[in-house]
Amino acid sequence: MSINMMAGFVYLVLLGAFLAIAIMVGVYVYRDATRRKMNATLWTLIAVLAPALIGLIVYLVVRS
């Protein structure tokens with residue numbers, strides 16, 4: 001296995017991990033915001049699109 005193939009494999013694994021984390025955060029925030037009668041779509045977008053999980057932290061602090 002060449003170095004380029006290994007680097008590509010590592011890249012794909014890391015990309016998959018980041019996508020899985022974003023999906024899990026989005027599902028959690030959407031369900032929790034819906035249960036708390038908040039704007040679930042807006043909070044999900046904020047939580048998923050903000051860098052370094054800042055959106056999730058903000059959501060957890062300001063949720064009612």
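Modeller: Arg 36 forms a salt bridge with Asp 32, with the closest N and O atoms 3.0 Å apart. A salt bridge here is a side-chain nitrogen of Lys or Arg within 4 Å of a carboxyl oxygen of Asp or Glu. Arg 36 is partly exposed, at 27% relative accessible area. Asp 32 is buried, at 4%. For these classes, buried means under 20% relative accessible area, exposed over 50%, and partly exposed in between, using a 1.4 Å probe and protein chains only.

A word on the source. This is a predicted model, in which local features need pLDDT of at least 70 and side-chain atom pairs count only at pLDDT 80 or more, while totals for chains, interfaces and linings use all residues. Residues are numbered from 1 along each chain as its sequence is written, and side-chain values use heavy atoms, with hydrogens and water left out.

Back to Asp 32. Arg 63 also forms a salt bridge with Asp 32, and here the closest N and O atoms are 3.0 Å apart. Asp 32 sits in helix α1 and Arg 63 in the segment after α3, so this pair ties together parts that are 31 residues apart in sequence. Helices are DSSP runs (H or I, at least four residues), numbered from the N terminus. Arg 63 is partly exposed, with 27% relative accessibility. Shared partners join the salt bridges of Asp 32, Arg 35, Arg 36 and Arg 63 into one network.

Arg 35 is exposed, at 59% relative accessible area. In total, the structure holds three salt bridges.

Which residues make up the largest nonpolar core? There are nine: Val 25, Val 29, Ala 33, Met 38, Ala 40, Trp 43, Ala 47, Leu 56 and Tyr 59. Helices α1, α2 and α3 are the elements that give two or more residues to this core. A nonpolar core is a set of buried Ala, Val, Leu, Ile, Met, Phe, Trp, Tyr and Cys residues joined through side-chain atoms within 4.5 Å. In soluble globular proteins, nonpolar side chains tend to be buried together.

Leaving out residues up to four places away in sequence, Val 29 touches Trp 43, Thr 44, Ala 47, Leu 56 and Tyr 59. Contact means heavy atoms within 4.5 Å. Gly 26 is also in helix α1 and is buried, at 9% relative accessibility. Beyond its neighbours within four places, Gly 26 is in contact with Thr 44 and Val 48.

Helix α2 covers residues 40-49, and its buried residues are Ala 40, Trp 43, Thr 44 and Ala 47. Seen down the axis, they fall within an arc of 100°, so they line one face of α2. That arc is taken over the directions from the helix axis to the C-beta atoms. Their cover includes α1 (3-35) and α3 (54-62). In α3, the buried residues are Gly 55, Leu 56 and Tyr 59. They span an arc of only 100° around the axis, which puts them on the same side of α3. These buried residues pack against α1 and α2.

The loops are worth a check too. Lys 37 lies in the loop between α1 and α2. Its phi is near 60°, a positive value in a residue other than glycine. Lys 37 is exposed, at 75% relative accessibility. Ala 52 lies in the loop between α2 and α3. Although not a glycine, Ala 52 has a positive phi of about 55°. Ala 52 is exposed, at 69% relative accessibility.

One last item is on the surface. Phe 9, Val 10, Val 13, Leu 14, Phe 18, Ile 21, Met 24 and Leu 53 form a nonpolar patch with about 800 Å² of accessible area together. Patches are made of residues with over 30% relative accessible area and no salt bridge, with like charges joined within 9 Å and nonpolar side chains (Val, Leu, Ile, Met, Phe, Trp, Tyr) within 5 Å. Accessible areas come from the Shrake-Rupley method with a 1.4 Å probe, and for residues only the protein chains shown count as cover. Val 13, one of the patch residues, is in helix α1 and is partly exposed, at 45% relative accessibility.
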